[in-house]
Amino acid sequence: MAAPQELSVQDQLTLILKSLEDDKAEEIVQIDLAGKSSIGDYMVVCSGRSSRQVGALAEKLVERLKEATGRTAKVEGKETGDWVLIDTGDVIVHVFRPEVREFYQIEKMWMEPGQKTPLS
């Protein structure tokens, strides 16, 4: 196992996207927040098929981030499994059940006009 290290924002983003893809997250969307917000450099939005998968996606991602960086990401909402928010400081990850994602349509707030989302 490699020793934890400071990851660049791009390396964090790559790790996050790979983790979500490996664990079969659906409709993964990456949004560049640079210059749009001070909350982070990127936002990643994805769906899990059920509350159980949403929780598992979030749990595995947090484990992989801790293993890679030695730091624990902030996590909100894991108890309910409808919408889990994971904040690494540089990348904000939202993992939704499909119905909850459709209701909030969070990526539409941040994407450029005319940019397609999986829900469009």
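Strand E2 (residues 42-47) and strand E5 (residues 91-96) run parallel to each other and pair over six bridges (pairing needs at least two DSSP bridges). This is a predicted model, in which local features need pLDDT of at least 70 and side-chain atom pairs pLDDT 80 or more, while totals for chains, interfaces and linings use all residues. Residues are numbered from 1 along each chain as its sequence is written, and side-chain values use heavy atoms, leaving out hydrogens and water.

The protein chain contains four helices and five strands (DSSP runs numbered from the N terminus: helices H or I, at least four residues; strands E, at least two). From the N terminus on, these elements follow the order α-β-β-α-β-β-β-α-α.

The five strands build an open sheet of mixed pairing, ordered E1-E2-E5-E4-E3. Strand E1 (26-32) and strand E3 (74-76) are the edge strands; each has a single partner, so one side of each lacks a neighbour in the sheet. On average, neighbouring strands of this sheet are turned by 15° against each other, direction ignored (angles run from 0 to 180 degrees between N-to-C directions of lines fitted to C-alpha atoms, for helices over the stretch in contact).

Strand E2 has a partner on each side. With E5 the pairing is parallel; within it, serine 47 has phenylalanine 96 of E5 as its bridge partner, and methionine 43 stands opposite isoleucine 92 of E5. With E1, E2 pairs in the antiparallel sense over five bridges, and here aspartate 32 faces tyrosine 42 of E2. Because six of the six residues of E2 are buried, this strand is largely enclosed by the rest of the structure (buried: under 20% relative accessible area with a 1.4 Å probe, protein chains only; exposed: over 50%; partly exposed in between). Tyr42, Val44 and Cys46 point one way from E2, whereas Met43, Val45 and Ser47 point the other way. Across the protein chain, buried residues make up 39% of the 120 residues.

Helix H1 (residues 9-22) lies across E1, E2 and E5 and runs at about 0° to E2. Helix H2 (residues 51-69) touches E2, E3, strand E4 (83-87) and E5, and its direction makes about 10° with that of E4. H1 has 14 residues and reaches 20 Å from its first C-alpha to its last. The buried residues of H1 are Gln12, Leu13, Leu15, Ile16, Leu17, Ser19 and Leu20, and they pack against E1, E2, H2 and E5. Lysine 24, with a positive phi near 70°, follows H1.

Threonine 88 is located in the loop between E4 and E5. Its relative accessibility is 14%, and threonine 88 therefore counts as buried. Apart from residues up to four places away in sequence, threonine 88 touches Gln12, Ile16, Leu65, Arg71 and Ala73 (contact: heavy atoms within 4.5 Å).

| Polar partner of the threonine 88 side chain | Distance |
|---|---|
| Side chain of glutamine 12 | 2.6 Å |

For the protein chain as a whole, residues 24 or more positions apart account for 55% of the contacts with a separation of 6 or more.

Definitions and conventions. Polar contact = N/O pair within 3.5 Å; in protein donor to acceptor, adjacent residues only side chain to side chain. Expected span 1.5 Å × (residues − 1).
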